[in-house]
Structure formats: structure tokens, C-alpha cells
Amino acid sequence: MRTGVWLVGARGSVATTSVVGALALRAGLAGPTGCVTELPDLRGPALPAFTDLVFGGHDVATTPLAKRAEALADAGVLPARLVAALTDELAAVERALRPAPAGGTQADRAAATVRDLTEFRSRHGLDRVVVVNVSATEPAARPHPAHVDPDALPTALAGPDEVLPPSSLYAYAAVRAGCPYVDFTPSTGLRLPALAALAVRRGIPYAGHDGKTGETLVKSVLAPMFAMRHLAVRSWSGVNLLGGGDGATLADPAANAAKVESKQRVLGETLGYLPQGGTRIEYVEALGDFKTAWDLVTFAGFLGTGMRMEFTWHGCDSALAAPLVLDLARLTAAAHAAGHAGPLADLAFFFKDPLDTATHSLSEQWNRLCGFARRLHAGGGADAPRH
């Protein structure tokens with residue numbers, strides 16, 4: 001199943017790492033460490049092979065992909081030997097990248113995106129194209145009447161107003177082009193009622209949102225532990241220090257607020273209450289593409305005895321995110337082939353703020369993901385029974 005992966009933010013760190021990783025896997029130069037779809041519980045014939053993935057994308061940046069890869073190698077994110085060995089392959093992907101549509105109305109930009117997606121699918125003889133948003137986090141969307149009415153949306157987009165935030169405009173174009181959509185960011189994407197209705201109407205599956213790669217991944221394991229042991233969490237405070245483009249974007253208060261809201265939701269929905277404390281995100285340019293998170297948890301045990309727990313997470317965001325991007329592209333393509341439409345709640349395992357489910361326990365999410373994969377590999381379509 002030849003599958004296109006169209007990356008929104010295609011020259012960013014996560015996208016570049018995803019492309020280099022997939023090319024290295026295809027060439028047998030690296031193993032699939034971090035790709036959960038290569039674990040025995042998920043691997044199977046329904047998923048497109050890494051050799052079947054073809055990359056393209058949009059970006060406002062113009063730095064060649066090979067140069068971005070070299071910069072990531074210099075920063076210690078990518079092995080320099082891989083970048084050097086994949087020069088020709090990176091050049092081929094570079095030829096598939098397009099400038100992000102600009103100017104005109106939002107309807108004009110959506111139409112340009114649809115043309116790029118359609119041309120990409122046709123030129124490479126692809127069975128389907130999955131659009132994956134790995135661009136910068138955007139502020140929460142401003143309300144608009146067309147957000148709730150799919151039939152009013154085309155007319156609104158043809159007017160002078162910026163009706164949809166960028167992530168949602170890409171989602172709209174993806175649905176119109178018949179492409180599944182994955183939002184790896186906390187941006188609005190397909191969460192607007194009009195877009196969700198349009199996706200179901202056109203038989204398009206979508207997944208999101210906000211990839212779970214660091215501190216929230218740990219929270220999704222620890223919070224259920226406190227709940228299952230009937231321990232009372234009094235406070236949970238965290239500090240996240242980020243470098244790179246993501247950190248620079250989150251220096252904007254509106255984008256920062258959208259990210260924090262996504263990160264905090266796991267606690268309230270897992271514990272059944274929201275403890276004191278919060279998450280603070282700070283940009284530290286010197287950290288580059290790496291991030292550090294420190295969390296302090298205070299809790300009460302039997303007879304009110306007070307206790308505490310601390311943990312520190314050091315990670316490379318792009319190296320943690322890239323294999324998940326590949327996993328999501330493979331799973332979403334398989335879901336589309338099986339006839340699924342609407343939000344893919346079974347992919348909650350990958351997200352901080354998953355769609356259409358309040359389940360945040362990593363073990364519960366894992367069991368649900370494994371069941372989903374079994375149904376796909378057994379040839380179960382959208383109406384196959386759940387077990």
C-alpha cells in the first residue's frame with residue numbers, strides 16, 4: 001500500500017527527523033527503536049511498510065531539507081553518518097516539498113493545498129495520502145459561526161475574514177482532498193464541529209492531538225498509579241524547559257496557554273479531580289532541540305500521612321516524536337483503507353489530549369490500541385465488533 005505522508009511544517013525538526021528516520025529504515029541503515037508499530041502486538045499486514053512511505057509537504061521556511069538534517073546532526077539529534085549516507089534520498093524528498101500556500105482568501109489557499117495533495121498522490125501513484133501536522137503550536141481558535149456549520153464554511157472561507165486557524169485550514173483541505181489527517185500538535189485542527197461533520201460525511205478518519213513524548217507520557221503512567229492505590233494527590237507542579245523552534249513558539253503566551261491546557265487535562269480526567277499546582281513552560285534557547293521537565297508531586301496516604309515524589313525527564317523532542325509520526329501515518333492509512341471515518345479514539349495512546357475519549361491511562365490506551373491493530377490485521381473494517 002503505497003502511502004504518501006504529507007508533512008505540514010516539513011522543514012521543521014520533527015518532520016526532518018521523521019523523514020531521515022524513515023529513509024534510514026528503508027535503506028537498512030537503522031533499526032525501528034521507538035516505532036511502536038514494529039512491536040509484535042501491533043505489527044502486521046494491514047500497515048504500509050516503511051518502504052511504501054513517500055514524503056512530501058508544505059512549509060513557510062525555505063532552508064533545504066538536507067541542510068536542516070545537517071544542522072540536526074551538528075546538534076546531536078541525528079547521526080551524521082545517516083545524513084551523509086542519505087544525500088540522494090533527501091534530495092528526492094526535497095523535490096516533493098512545496099511552499100505553504102499564501103495570499104488570497106482562505107478558500108484560495110485551501111484550493112491550492114488540495115491541488116498540491118492531489119498532484120502528489122497522482123505523480124507518485126499513491127493509494128492514499130495522510131496529512132500530518134507537525135508545525136508550530138498556534139493559539140486557540142477565535143469563535144466563528146461557520147465553525148459549527150459545514151455547509152456555511154465554503155462561503156465563509158471565500159470572504160475576507162480569517163475564519164479558520166492554519167491547522168484547521170489544512171484539515172479542511174485534507175478532507176476535501178480525501179486525505180486522513182493527524183494533528184501532532186495541540187492546535188485546533190479538526191476539532192471544530194463543522195470540520196468533524198465534514199470528515200464523517202466524506203469518510204475520512206482523523207487522529208490527534210498533541211503527541212505524547214515526554215513529561216505527559218510519564219504522567220499518564222503515574223497518575224493512574226495514584227488513583228488505583230487510592231492515594232490523594234494534593235499537588236502536581238511541573239516546569240518544562242524547551243529549546244528549539246517549539247520552545248521559541250511557546251514563548252508566545254497564547255500558544256503557551258494552549259499547550260499547558262493540553263498537558264494538564266491528563267491529571268483531571270485520570271484522577272477525577274485537579275490537584276493544586278500547574279505546568280510552566282519556559283524557552284531556553286541554549287537547550288536546542290532537547291528538553292528538561294521537573295515535576296514535584298505531593299500526596300497523602302493512610303491516615304493523611306503526607307509524602308512526595310519528584311522526577312526529572314531529559315529528552316530530545318524530535319527523536320521522541322519522529323517514530324510516533326511514522327506510527328501514526330501507518331495506522332491512520334490502514335484505518336482509512338479499512339473504511340474508518342471520524343475521530344480515531346483507539347489511537348489515544350499517542351496523544352496528550354486524545355480525541356473522543358477521556359481515557360488517559362497509558363496501559364488502558366495500549367490495550368485499546370492493540371485491539372484496534374488486531375482488527376485491522378484481521379481485515380476488520382469500521383463496523384467490525386470490538387472485543
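Modeller: Let's start where helix α2 ends: Gly76 follows α2 and has a positive phi, near 85°. This is a predicted model, where local features need pLDDT of at least 70, side-chain atom pairs count only at pLDDT 80 or more, and totals for chains, interfaces and linings use all residues. Residues are numbered from 1 along each chain as its sequence is written, and side-chain values use heavy atoms, with hydrogens and water left out.

Colleague: Which residues of α2 are buried?

Modeller: Leu65, Arg68, Ala69, Leu72 and Ala73. Seen down the axis of α2, they fall within an arc of 140° (taken from the directions from the helix axis to the C-beta atoms), so they line one face of the helix. Buried means under 20% relative accessible area, exposed over 50%, partly exposed in between (1.4 Å probe, protein chains only). Lys67 and Asp74, on the other side of α2, are exposed, so each has over 50%.

Colleague: What do the buried residues of α2 pack against?

Modeller: They pack against α1 (13–26), α3 (80–85), α4 (87–94) and β3 (97–99), where contact means heavy atoms within 4.5 Å.

Colleague: Which strands each supply at least two residues of the lining of the largest cavity?

Modeller: β5 (181–183) and β6 (205–208) do, and β6 gives the most, with three residues.

Methods
Helix = DSSP H or I, 4+ residues; strand = E, 2+ residues; numbered from the N terminus.
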